[in-house]
Amino acid sequence: MDLQTAIQTAANAGAASCMLMMIAVGLSLAFGVMQMANYAHGEFFMAGAYTVYALYALGGVPFWVAIGAAVGVVCGIGLAVERAIFRPTRGNVLAGFMATCGLAFIIVVFCGEVWGWGLMKYVPKPYMMPFGIMGAEVDFARMLIIPFAIAGIGGLIFFMRRFKLGQALRAVAQDPEAASLQGISINKITALAMGISGALAGLAGGLMSVIYAVTPELGHQVILPAFIVVIVGGMGSVEGAVIASIIFGFTHTFVTTIFDAVVAQMVIVAVMAGVLIMRPQGLMGRVAI
Amino acid sequence: MPFFAREYVVEVAILFFIYIILAQSYRLVTTTHDWTLCHVVLYGVGAYTSGLLAKYFGIPVWVCIPIGGVMASLVGVGVIQPLLRTVGFGFFIASYALGELIRLVWVKVHTPFGGPRGIIDVPYPPVVAGVDFSKPIPYYFMCLVAMLVCLYLMYRVDKSRIGDAFKAISIHPLLAESIGISVPKYRTLAMAIGAFFAGIAGALLVHRLGAVDPRVFDIITMVYLVIWVVVGGTGTFWGPIIGVCVMQAIFEFTRPFLEMRPMFFGIILIVFLVFLPGGIESAIAKAIARFRARRGVVAEKV
């Protein structure tokens, strides 16, 4: 691997880590607050990509307006899922997880029926120009996600530490009963967590729609790495998810470039098994899962 | 029955028997509250083992099928070792990931697993005493017998001390440990037994289809398996059987809407989890209890 390829791969790895980070942080946040795993989170990502496809590529709406719409739409889906699935099944992780598996099926079929199965949807890139770093050509559109991920997740961590509402979020994650005794409405906080989680997934999906082929299977491809990141980072730990997604984004991209995608997937799963044996609570988790 | 039905119906019935073994073996694993998401992969281990042995080593199919079960059992024990320290959410995601690892090995390694296209030309069972087991009707009876034997064995496990220990672990692991049940040992045992029967089911499948495709053993099939078990209920032995019956009937009737089918299944799954978490069997049990109560009231009045 020469220097040029190494730089290019590192840039791609950075973008992949940021995408994984935005998905996994939302997943981890929702898990921390509700003790609920959302299998349909990959489909949230896909819904964001489809919103941008429908508005920007088909409807001719400006790109940034379409991104905003994707955030809004997926945030709305997140709130609806919280109300319709997670609230009735609260306290039963398995039921919530399985019900969101069912929801994932529904969203996939919906997108497939409306916009067609199997065909690769082409979303034109809003910014065509590549830019050069030390002789390597880096795709500008792919790098767009990096500032958004840093701003979004930095903002989230700041919000959770400094704002009253963010502290309430953390309080519910620590002990829902004690939090509700302090006058925090659990339902409002879980809705907030799902809203944030959906908005991050929608933003990531919208930004990545110009890179990936938009198909109904898109959600499927991202959900397993995202879950592995959440487990390795520590369940419900936002900081752990950030660290783990950087590790996995770089490992996955470099192994894919050197070998291929199947080997990369295997390496990631093997790393996860190793972490589980040595540290079952994950890198930053407090309690065993 | 099979002598009068069309061949297609016989084929569906064979699949139906295999699915009952699969669903019941999954229920056995879930009695310890370990909802693994790699059960379909273990079913695939049985299929691959039996298919490869019969194809490349010429071992008789009757020997291959139990070996497939044993192999699935060994792989299941291997898979659960890193997972024993996790419960609940971590457990099922990690089991999903490890199952996916095994499946990717099949996709990646071309010899002997055949890569993404799987293996073809798996031998059918031979002619024994004038009965040709490669034809659907003899195979139907073979599967029927295999299913009854497997169900009987699993029923005995479920009712034995071991089965009680599994249920104790699912209700209260700490309490179970305090009365001398080794939780990791029994979780491994549940996995080993469940995986064995799943492997048998897989081996029965491969010698009927004559081919293995690694795509069959992915997470989608796993979710379908979970749907059967959830719809039927896992509280008693009969729940998964009811689940397979009901869902396979729906599966066959929704054949005209092939692309919409996952949506129906998704809706059914959500409705059951939200409104009837105990599955159909709990509804039946409730109905029987109400019926008995009403009859009791009538009897008192008389």
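Modeller: Two residues are in contact if their C-beta atoms, placed from the backbone, lie within 7 Å. This is a predicted model, where local features need pLDDT of at least 70, side-chain atom pairs count only at pLDDT 80 or more, and totals for chains, interfaces and linings use all residues. Residues are numbered from 1 along each chain as its sequence is written, and chains are lettered from A in the order in which they are written.

Colleague: How many residues of chain B are in contact with chain A?

Modeller: By that 7 Å rule, 33 residues of chain B are in contact with 37 residues of chain A. α4 (88-108), α9 (219-232) and α11 (261-275) of chain B each supply at least two residues of that side. The largest share, 13 residues, comes from α4(B).

Colleague: Why are A:Ala168, A:Leu169, A:Val172 and A:Ala173 called buried?

Modeller: A residue is buried if 20 or more other C-beta atoms lie within 10 Å of its own, exposed if 12 or fewer, and partly exposed in between. These four residues of helix α7 (residues 164-174) of chain A are classed as buried, so each meets the cut-off of 20 or more.

Colleague: What puts them on the same side of α7(A)?

Modeller: They cover an arc of only 140° around the axis. Their cover includes α1 (3-34), α6 (145-162), α8 (176-181) and α9 (186-208) of chain A.

Colleague: What is the predictor's confidence in chain B?

Modeller: On the pLDDT scale, from 0 to 100, the mean for chain B is 84, and 96% of its residues reach 70 or more. The complex has an ipTM of 0.77 and a pTM of 0.83.

Definitions and conventions. Arc of directions from axis to C-beta.
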